[in-house]
Amino acid sequence: MTSLALQRQQGNRRTARRLLLAVLAMLGFSFAMVPFYNVFCRVMGIQQDRTAVADAPVAGWQQQVLFDSNVAAGVPMQIRALDARREGHAGGLMKARFELRNLADTPLGVRAVPSYAPLSAVRYVEKVQCFCFDAIHLAPREVREVTVVLVFKSDLPATLGPITLSYTVFGLDGGKQQTTATAQSIAKAAT
Amino acid sequence: MTTTTDALNPAHPIDHGHGADHGHGGHDAHDHHHAPAGWRRWVYATNHKDIGTMYLWFAFSMFLLGGTFALGIRAELFSPGMQFWQPEFFNQLTTLHGVIMVFGAIMPAFTGLMNWMIPLMIGAPDMAFARMNNWSFWLLPPAAMLLIISLFVPGGGPGAGWTFYPPLSVQLGAGMDFGIFAIHLMGLSSIMGSINIVTTILNMRAPGMTLLKMPMFAWTSLVTAYLLIAVAPVLAGAVTMLLTDRHFGTHFFNAAGGGDPILFQHVFWFFGHPEVYIMALPAFGVVSQILPTFSRKPLFGYVSMVYAVCAIAILSFMVWGHHMFAVGFPATAQLFYMFMTMLIAVPTGVKVFNWISTMWQGSMTFETPMLFAIGFLCLFTIGGMSGLVLSLAPVDIQLHGTYYVVAHFHYVLVAGALFSLFGATYYWLPKWTGNMYSERMGKLHFWWSMIAFNITFFPMHFLGLAGMPRRIPDYALQFTTFNEVASVGAFLFGFAQILFLYNVIHTIRGGVGPSPQRPWDGATTLEWDVACPAPHHTWTEPPSLALVREGLIAQGLEESTHVEELK
Amino acid sequence: MQLRRLCAMAAACTPSFALAESPYTFQTPQSPIASHINDLHTWIMLIIVVVFVVVFGLMFYSIFKHRRSVGHQARHFHENTAVEVAWTIIPALILAVMAFPAARLVLAQKNTTNADITIKATGYQWLWGYDYMDYGFGYKSRLATPRAQIENYKDGAPPKSPLYLLEVDEPLVVPVGKRVRILTTANDVIHSWYVPALGVKQDAIPGFIRDTWFTAEHIGTYRGQCTELCGRDHGYMPIVVKVVSDADFKTWVTAQQAKAKAAQDDPNKKWTKDELLARGKQVFESNCAACHKVDGKGGGPFPALAGSKIATGPKEGHIHIVLTGKNAMPSWAGLSDVEVASVITYERNSFGNHTGDFVLPAEVKAARK
């Protein structure tokens, strides 16, 4: 009897250790999903690829691109696409300008986040130069013109339809404003 | 009312003798000196039966609390316009209803059942790690407290839905942090509970009971526990990332910092879809115990049942995208998730066919557990079929985020998980309490629940088809009638559960008389070979090979030899 | 009784939707995609009904025949490989048959090429913004149902309009028979743009742009709602799509373009106090009344404006709090100078507040920082 109990206890401990390892591995996996997701998106051609290409411009399909812009909640600025609609060619280059306007009397740090529709466009369009690569610091009331330069890959399919490249401008402090607001409301309620 | 025990219980007189022959519990019944009395018995509990009991009571109280929230929701939705709550409180009600029912009621109830029954069914003296078992239970009440307290902090409870999608969940107040910590605690509890269950099942089975000869409930428990070990840490990771996004300036889910709010949905549903089966598989196990007992026939297709359970568990890791058909996947991803989801219907169908074949050519009687098992079978099939409709991505585009989805998952979770839990309670209540419950009241509970459930949730299919979004506190006028019907049904369903509570307490206090050791003549698994009520310690010595074999032969898992047939 | 009620409801609903709707199934499809979804649903339902009848038929036959009370003896079979293989393969085949039309439809839904017109729908808490990207104008579309109809906490609420919660001040206007591409994005949290009759639903995700499309086949007005929980007023941000003839659309676009141009000149306009008050009431009801209530009395965690220190104190403080927000109150810097000026003027001269102040758009402009 005791030998059985002892045997069991050892076996149980071994099993539990293995299961615990599995738990830790899965916890690691959940965090690993963050970089994995980015890699996966790049493979699927969903996320922007920032590597420059040097394809020689070749005349190809007419490709229409719509440029769109948005400002996230609470960022005191305006962004306007100066070339809202442009035509390009497969294998060719395209430049588009945006106007950023700081509405505030204080300096403003922002970052523009690009997004494509349809998603598959990312595979055929690359940004050679983009104001979204870096954070942008605007002086009070500054109006600045910024540009994006796109290269269309030569295998751009004619069936893709118009591509929309949309930018959303976020404040550099991200979601902090709201968190601060929450913290304040808690502090207030506590008093 | 004063029907005799014999009239109520179908046990064949011969079985009394059978039980007495092998009654291992008999001498253990005096073994009470190990159990501390009073509150210490419960706080320091290491006995699997005590812990199982606590789990079940905890789950039932959470069920009543979550049910109260549900009634709060249905009261507000009885007519258009805001009558009772502010919209933000309504959101907190839907969120807490979901979180409490999933993590507080259904999962602990099944863990409680596993705690109580697995050692009895596989012939083990207790769970593998008795002290850890105590811990995994006692993490739950603080978690529940956190959820309740969250309602009273400034800004109120978490109001982002039980799915906690950012950025909304990042935006909300401190109640959200309480919700996140509660989920951490519940996840930790589930992980420890699962380690215990897997270890117990793998290492502590009776001699002669190989894996492929375990009772079906043990199998589904094993697979469920494995699923939890795999996905509970993922959920913990997801909500931790949410927490750091909220307070420590990380940008996992914030586009401004290079994150992606959709990533949360991926991580969440990587947990969330297996979670659906974590709640459904034990129900399958319970039904696979009850149906053969009352059909007096072995479970049909045992091996294919095991394969189906495993197939469902594996497939459940590949279909999470079907919760996200509306986020705008590329066509390839949309197609992949659609095909995988449709595929999952195959093993689920196999299970339903197996259950019907188990009933086929049986000699059925319809005691309350059997009624709940059949109710489960009918309604779960309907839920599975609405699931099939939802699996078609183009149709899901219309139905995603509408009441159709609400109807679908309540058919699988209430009629699926909850009905099987009721069935399990009535099935094993005589073993737990030593008393027979009132069959008349049990049947009333069943029919009342069955009818009220359908009144509540069937009209929601129509609401969803017509385009009523879920999680709205107020609705357009053309949705009025069905909402009224659903609200009336919900209150009726709620009252039926008071009846259940009464019946259980009545049974504990003596019920309609003491139960024999084997109240169901078709029951063949090992838990019926211990005394009734089950003594504090059981199977301190493993059941004999002969006893195990006898059960396995009755379950059709082993062929009987000539000698045994003569006996 | 119930049946009569249902009939009455069906009758009552007729004016509330563009066409008479059956309460038991999808809204009448108004776009090719919606029709295809409808057909696919009908097909799967047919299969389901057949399977349902077979499965439940067998089960209930068994329940009635194979019971002990009719003396049936159990037969102890417990496997049959042929049968088990059959019921694994046959459902798989049925599913494979269903997968084909479904896959075709997925590809059609995802094909957003060759759009005649592109409109961006931006989800805000809790309204929709529409930008006509080909025509260079845009506007916000807010719930038009008055708060008084919604809040029935006390007796005496006015009767609900037939289009309760499904009406907006400015609907999305699109031409009939044209391929309309909808780009969705959001300003704050995730929303979802859903018009059942047109068969479109697309989440709107902050920082990302997604697209979907539809072609409306008939002139009419189609209504939907936000279908992703987005906070407090998730239930109060409907989507109304007005489908008009091509000619009407062109006229409307011209008018909108003219209006957009006029709106740009707004800051220089001389506003009278009455104009500001009228405009302010409108701005208040669509933005502020959700929390501060129509009567300015507030409720729960939201403070009353009636007699509040801020709304009756120095106006600089009032302008500041509207522009920067405080605690639970978000910043309303996204409103135009005119909107902020008018709403502050309104708040300072309503709900029993009598400051007599008159806030000019120029003051708001100066206060922005």
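How many residues of strand β10 (residues 238–244) of chain C are buried? The count is 6 of its 7 residues, where buried means under 20% relative accessible area with a 1.4 Å probe and protein chains only. This is a predicted model, in which local features need pLDDT of at least 70, side-chain atom pairs count only at pLDDT 80 or more, and totals for chains, interfaces and linings use all residues. Residues are numbered from 1 along each chain as written, chains are lettered from A and ligands numbered from 1 in written order, and side-chain values use heavy atoms, without hydrogens and water.

**Strand pairing in chain C**
- Strands are DSSP runs of E with at least two residues, and helices are runs of H or I with at least four, numbered from the N terminus.
- Two strands pair if DSSP finds at least two bridges between them.
- Strand β4 (residues 172–175) runs parallel to β10(C), with 4 bridges, and C:V173 stands opposite C:K242.
- Strand β9 (residues 220–225) runs antiparallel to β10(C), with 6 bridges, and C:Y222 has C:V241 as its bridge partner.

**Chain C overall**
- Chain C has 10 helices and 10 strands.
- Of its 369 residues, 51% are buried.

**Nonpolar cores**
- A nonpolar core is a set of buried Ala, Val, Leu, Ile, Met, Phe, Trp, Tyr and Cys residues joined through side-chain atoms within 4.5 Å.
- The largest has 274 residues, and those touching the most other members are A:F67, A:F131, B:F103, B:L113, B:W355 and B:W428.
- A second, separate core of 37 residues includes C:Y139, C:V195, C:M237 and C:V253.

Notes:
Buried < 20%, exposed > 50% of the residue type's maximum accessible area, 1.4 Å probe, protein only.
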